[in-house]
Amino acid sequence: MERACNIAVIGGGPAGCSFSAFADKKNNITIFDTKPLLSSILPTGGGKCNITNAEPDFREFARNYPRGEKFLYSVFSRFSSSDAVDYFDKIGIKTVVLDNGRVFPEKMDSKFVRQKLLEQIKHCRYENQKITSLAAINGGFKLTSFEAEYFFDKVIVAAGGHCNWEMLKNASISLIPPKPALTGLCTEKSYRALSGVSLKNIYNYDTNFNGDLLFTHFGISGPLIFKISSIRARDEFPYTLIFDLIGKKIQDGRSFQKILDKNPKKELKNILAMYLPRTFAVEFSKKYSLELSACEIKSDLRDAIIYDLKNYKITVTKPRPDGETVTSGGVDLKFVNPKTMEYKTIPGLYFIGEVLNIDGFCGGFNLQNCWSNAYIAAAHINNL
Ligand SMILES: Cc1cc2nc3c(=O)[nH]c(=O)nc-3n(C[C@H](O)[C@H](O)[C@H](O)COP(=O)(O)OP(=O)(O)OC[C@H]3O[C@@H](n4cnc5c(N)ncnc54)[C@H](O)[C@@H]3O)c2cc1C
């Protein structure tokens with residue numbers, strides 16, 4: 001890049017700060033945020049910061065985004081999770097890979113990641129201001145806060161999923177309405193009596209995913225439910241989910257009959273407790289009779305029980321209030337160039353991170369989206 005640019009970064013989260021680190025130091029960068037820089041990284045991964053995922057194939061990697069998969073092919077082909085790991089290593093953050101490819105800093109501390117990233121952006125200015133409006137003007141941009149007006153050559157919007165969308169109104173940016181994703185779900189029926197009980201590795205027919213379901217005071221949660229909440233984030237409520245609770249453990253009526261024959265005196269609840277958590281087995285058996293013994297279960301009832309175990313229905317009414325980890329929706333990807341992160345109709349205006357209509361599953365995918373978007377935008381500006 002021949003001449004230095006005046007660049008505004010709206011939002012000092014992982015996307016905005018990593019952009020500032022990747023951008024040529026020649027530029028004058030001002031980061032606007034009302035919160036301390038990178039404070040949003042502190043709660044990630046339960047305070048340990050699941051920084052990315054080790055899945056090596058970028059197409060496979062992109063499959064972990066209910067929104068953004070195709071857009072991210074070209075983004076990840078240029079800055080993958082291994083590029084992110086190399087970068088972190090270079091700035092002193094050694095990483096380790098845990099289960100399901102989840103990558104964490106060796107120190108298992110998001111504060112450490114924050115500190116190391118902040119060291120990279122010491123040269124940038126920080127303005128504790130909320131930007132209320134953004135307008136393209138004379139080949140540059142005017143930003144307005146409650147206190148002042150600012151002019152910049154280029155603007156990077158990295159304002160996250162809770163961006164004040166009003167700010168973008170004057171610039172006529174196309175938006176997909178935001179909705180919660182990666183969240184627990186409230187249910188029609190109360191599962192308070194089962195609160196804390198977890199069903200392990202059950203199968204959901206609607207999404208074709210296996211995983212764990214946790215009953216809670218508000219409804220259902222746990223890794224499988226987070227995934228489902230993302231896949232179905234754009235669906236109307238209420239909707240009904242169907243689960244196979246027993247999988248291969250009891251495949252059909254015949255195999256159930258064998259179990260009943262082996263345990264003729266045992267009550268149904270105790271038989272089911274051999275395969276499911278006891279509290280759940282008792283609750284489930286109430287529908288039939290708590291005193292029902294195996295030898296009393298005739299073929300019709302046996303098949304009905306198996307059917308219910310393999311088609312267990314839960315009706316979901318809404319996402320858990322304030323329970324979202326990420327936002328689905330945001331700036332419409334149709335208008336953003338994945339090779340530059342620039343808004344197609346407004347040169348010099350870039351969108352990166354969760355402000356875009358991109359959201360991933362748990363496992364380090366949302367932060368990787370930030371690192372990769374930030375790199376692409378910075379590389380474009382560095383090479384102008
Ligand atoms: C509890 C929790 C745990 C998580 N754990 C993980 C994890 O382990 N791994 C993972 O990959 N993802 C995780 N995520 C998701 C991840 O944190 C987000 O996807 C990521 O922070 C998005 O980064 P961002 O920079 O795009 O936006 P944000 O982190 O939301 O940052 C945006 C910033 O912009 C500022 N801002 C907004 N509007 C304005 C404005 N008008 N003017 C000035 N500033 C503004 C905000 O104050 C904010 O600081 C987690 C999320 C949560 C809530």
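Where is the place of Asn-100? I looked there first, and Asn-100 turns up in the loop between β4 and β5.

**Ground rules**

I'm working from a predicted model, where local features need pLDDT of at least 70, side-chain atom pairs count only at pLDDT 80 or more, and totals for chains, interfaces and linings use all residues. Residues are numbered from 1 along each chain as its sequence is written. Helices (H or I, at least four residues) and strands (E, at least two) are DSSP runs, numbered from the N terminus.

**Overall look**

I count eleven helices and 19 strands in the protein. Along the principal axes, the C-alpha atoms fill a box of roughly 85 × 40 × 30 Å. I call a residue buried if 20 or more other C-beta atoms lie within 10 Å of its own, exposed if 12 or fewer, and partly exposed in between, with C-beta atoms placed from the backbone. By that rule, 44% of the 384 residues are buried. For contacts, two residues count if their C-beta atoms, placed from the backbone, lie within 7 Å. Among contacts with a separation of 6 or more, 71% are between residues 24 or more positions apart.

**Domains**

The bounds here come from an automatic or database domain assignment. Domain 1 takes in 6–179 + 326–382, and domain 2 covers 185–319. Their C-alpha centres are 40 Å apart. Six residues from domain 1 and seven residues from domain 2 make the contact. On the domain 1 side, I find three nonpolar, one polar and two charged residues. My classes: Ala, Val, Leu, Ile, Met, Phe, Trp, Tyr, Cys and Pro are nonpolar, Asp, Glu, Lys and Arg are charged, and the others, Gly among them, are polar.

**Around the ligand**

Which residues come nearest to the ligand? Out of 36 around it, they are Gly-11, Gly-13, Gly-45, Gly-160 and Gly-353. A residue gets into this shell if its C-beta atom, placed from the backbone, lies within 6 Å of the molecule. The shell splits into 16 nonpolar, 16 polar and four charged residues. Helices α1 (14–22) and α11 (365–382) each supply at least two residues. The most come from α11, which gives four.

**The parallel strands**

Strands count as paired if DSSP finds at least two bridges between them. β1 (residues 6–10) and β2 (residues 28–32) run parallel, with five bridges joining them. Ala-8 sits opposite Thr-30 in β2. The chain gets from β1 to β2 through α1, in a right-handed β-α-β crossover. Right-handed here means that, with the strands pointing away from the viewer, the path from the first strand over the helix to the second runs clockwise. β2 also pairs in the parallel sense with β6 (residues 125–127), over three bridges. Thr-30 shows up again there, with Arg-125 as its bridge partner in β6.

Two bridges hold β3 (residues 52–53) to β5 (residues 102–105). Thr-52 has Val-103 as its bridge partner in β5, and Asn-53 has Arg-102. Three bridges link β4 (residues 95–97) to β5, and Val-96 is partnered with Phe-104. β4 and β5 form a hairpin with four residues between them.

Most residues other than glycine have a negative phi, and most peptide bonds are trans. Back to Asn-100: its phi is near 55 degrees, a positive value in a residue other than glycine. Asn-100 has 14 other C-beta atoms within 10 Å, so it is partly exposed. Leu-38 also has a positive phi, about 60 degrees, and lies in the loop between β2 and β3. Leu-38 counts as buried because it has 23 C-beta neighbours inside 10 Å. I also noted a cis peptide bond joining Phe-237 and Pro-238, with omega about -5 degrees. Pro-238 is in the loop between α6 and β16 (239–244).

**Helix α6**

Why do I call α6 (residues 223–231) largely enclosed by the rest of the structure? Because seven of its nine residues are buried. The buried ones are Leu-224, Ile-225, Phe-226, Lys-227, Ile-228, Ser-229 and Ser-230.
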